[in-house]
Amino acid sequence: MSPHVLILGGTTEARELAAALVARGGVRVTSSLAGRVSRPGALAGDVRIGGFGGAEGLADWLREHRVDALVDATHPFAGTITANAARAAEATGVPSLVLRRPGWTSVPGDRWHPVPSLSAAADVLPGLGRRVLLTTGRLGLSAFARLPGVHFVVRSVEAPEPPMPPHTEVLLAKGPFTVDGETALLREHRIDVLVTKDSGGAATAPKLTAARRLALPVVLVTRPAPPPGVRVVPDVAGALDLLGLSGS
């Protein structure tokens, strides 16, 4: 029987890993999506949508479907899913790894203000500016609702969920973005400060270059640390190495 790999997906890396495994042949691949995006793109292999019911539910699924390896390739800020995956893997003995693209690295000219959470980002905003480009996703905007004197331009792939700040303008857009386009956006909306999560990757990094170009401060929400003891790889090649499939 072909080995069964379960990929907890939703990222570009998850999609690329599924395609690489299916192209290799001899591997059964199932990608699991949380269902937060209404129109996910096509994926190689089998696809399931929805939660598992916590770590115990995931462990049951691993046993029932005879999973041989678990790859957590969710968003770097999906901390609950990552913790549940680690617990389920430990409970079942299924080998697991975390596929995480590296975070961004500052360069001379950047005016970054690292913070540990969205709430902490809201705390520092009043001292940095009154017009904010917020690119932290469609969830968690309630953290900024207590800032009535700040105007937010919220950019997300899908419509954000309330409650939102009282002065909010929504832009629906999906990367990749360009430096020139991001610079024009910051100028058009007279942005004073950018708030974003350290998701890493090239598709959304141009906003950081644009902010540097305009000498704007960036409030950067740092990513949570992975659970102790989990194996973390930065790219698809690293995942294939740990899965023992890099030479195929």
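Mentor: Two strands pair if DSSP finds at least two bridges between them. Helices (H or I, at least four residues) and strands (E, at least two) are DSSP runs, numbered from the N terminus. The model is predicted, local features need pLDDT of at least 70, side-chain atom pairs need 80 or more, and totals for chains, interfaces and linings use all residues. Numbering starts at 1 along each chain as its sequence is written, and side-chain values use heavy atoms, without hydrogens or water.

Trainee: How many bridges join strand E1 to strand E2?

Mentor: E1 covers residues 4-8 and E2 covers residues 28-33. The two strands run parallel, and the number of bridges joining them is 5.

Trainee: In E2, which residue is the bridge partner of Leu-8?

Mentor: Leu-8 falls within E1, residues 4-8. Across in E2, its bridge partner is Ser-32.

Trainee: In what order do the strands of the open sheet with E1 stand?

Mentor: This sheet has 6 strands, with parallel pairing. Strand E3 (46-49) and strand E12 (232-233) each have a single partner strand, so one side of each is left without a neighbour in the sheet. Read across, the order is E3-E2-E1-E4-E5-E12.

Trainee: At about what angle does the direction of helix H3 stand to that of E4?

Mentor: H3 (residues 79-92) packs on this sheet, touching E1, strand E4 (69-72) and strand E5 (96-99). Axes are lines fitted to C-alpha atoms, for helices over the stretch in contact, and angles run from 0 to 180 degrees between N-to-C directions. Between H3 and E4 the value is about 165°.

Trainee: Which residues of H7 are buried?

Mentor: H7 (residues 236-243) lies across E4, E5 and E12, at about 175° to E5. Helix H1 (12-24) is also among the elements that cover its buried residues. Those residues are Val-236, Gly-238, Ala-239, Leu-240 and Leu-243.

Trainee: Which residue takes a positive phi just after H7?

Mentor: H7 ends at residue 243. Just after H7, a positive phi of about 75° belongs to Gly-244.

Trainee: In E9, which residue is the bridge partner of Val-154?

Mentor: Strand E8 (residues 151-156) runs parallel to E9, and 5 bridges join them. The partner of Val-154 is Val-170.

Trainee: Is Leu-172 buried or exposed?

Mentor: Leu-172 is found in strand E9. Its relative accessible area is 55%, so Leu-172 is exposed.

Trainee: Which residues is Lys-207 in contact with, leaving aside neighbours within four places in sequence?

Mentor: Lys-207 lies in helix H6, and at 5% relative accessibility it counts as buried. Its C-alpha atom is separated by 9.9 Å from that of Leu-133, 74 residues apart along the chain. Its contacts (heavy atoms within 4.5 Å) are Trp-104, Thr-135, Arg-155, Glu-182, Leu-194 and Thr-196.

Notes:
Buried means under 20% relative accessible area, exposed over 50%, partly exposed in between (1.4 Å probe, protein chains only).
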